[in-house]
Amino acid sequence: MEDEKIVALYIQRSQQAIVETKDKYGAYCKVIARNILSSYRDIEECENDTYLAAWHTIPPTIPKRLAVFLGKIMRNIALDRYSYNTAKKRNPEFNMILAELEECIASPYTVETEYEAGEIAKYISQFLYTIDQQSRNLFIHRYWYSYSIAELAIHFQMSSSKVKLDYLGRVIN
């Protein structure tokens, strides 16, 4: 199904929107989460949370590119899960209290943080246009989709050392 039709289903509040989203973008979302998380259960949970977030966000937000929109949501949820899973000290009682208060706590998003995020995105985009297409694709696959060096080498049919030194080394150094 075309993205515009899927978005229209969200706008109509049709449950079919989630079914169509999962059919079309489920594997894509799982790859993003799998590159960040190791637990299949966590990946599945992040996928479901992504669909729920899309349900709550569309409308008022109408994504121009549904894949990118879902990928961003999935990546943020997976990173949050990773942070949670790797926290040194966790107090289950305190976490339960925080969960109960989530609805009451003010959002960490302010005009300033949104502006800063937009500025950072602008600088990254400008930077990406200064490098060749191969380096740009490697950069995006490494730092957005979290592919390992070995996965990049296989995907781009080059050695791991070439990925590290010739492309990523040139980009990040």
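The chain has six aromatic pairs, where rings of Phe, Tyr and Trp (its six-membered ring) pair if their centres lie within 6.5 Å, and planes under 30 degrees apart count as stacked, over 60 as edge-to-face and the rest as tilted. The model is predicted: local features need pLDDT of at least 70, side-chain atom pairs count only at pLDDT 80 or more, and totals for chains, interfaces and linings use all residues. Residues are numbered from 1 along each chain as its sequence is written, and side-chain values use heavy atoms, with hydrogens and water left out.

**Aromatic pairs**
- Phe127 and Phe139 pair edge-to-face, at 5.7 Å centre to centre and 65° between the planes.
- Phe127 belongs to helix 6 (residues 111-128) and Phe139 to helix 7 (residues 133-143), so the pair ties together parts twelve residues apart in sequence.
- Phe139 is buried at 15% relative accessibility, while Phe127 is partly exposed at 29%; buried means under 20% relative accessible area, exposed over 50%, partly exposed in between (1.4 Å probe, protein chains only).
- Tyr25, Tyr28, Tyr145 and Tyr147 form a cluster linked by ring pairs.

**Glu20**
- Glu20 sits in helix 2 (residues 16-34).
- Its side chain makes a polar contact of 2.8 Å with that of Gln16 (a pair of N or O atoms within 3.5 Å; within protein, one must be able to donate a hydrogen and the other to accept it, and residues adjacent in sequence count only if both atoms are side-chain atoms).

**Overall fold**
- The chain has nine helices and zero strands, taken as DSSP runs (helices H or I, at least four residues; strands E, at least two) numbered from the N terminus.
- Of its 173 residues, 31% count as buried.
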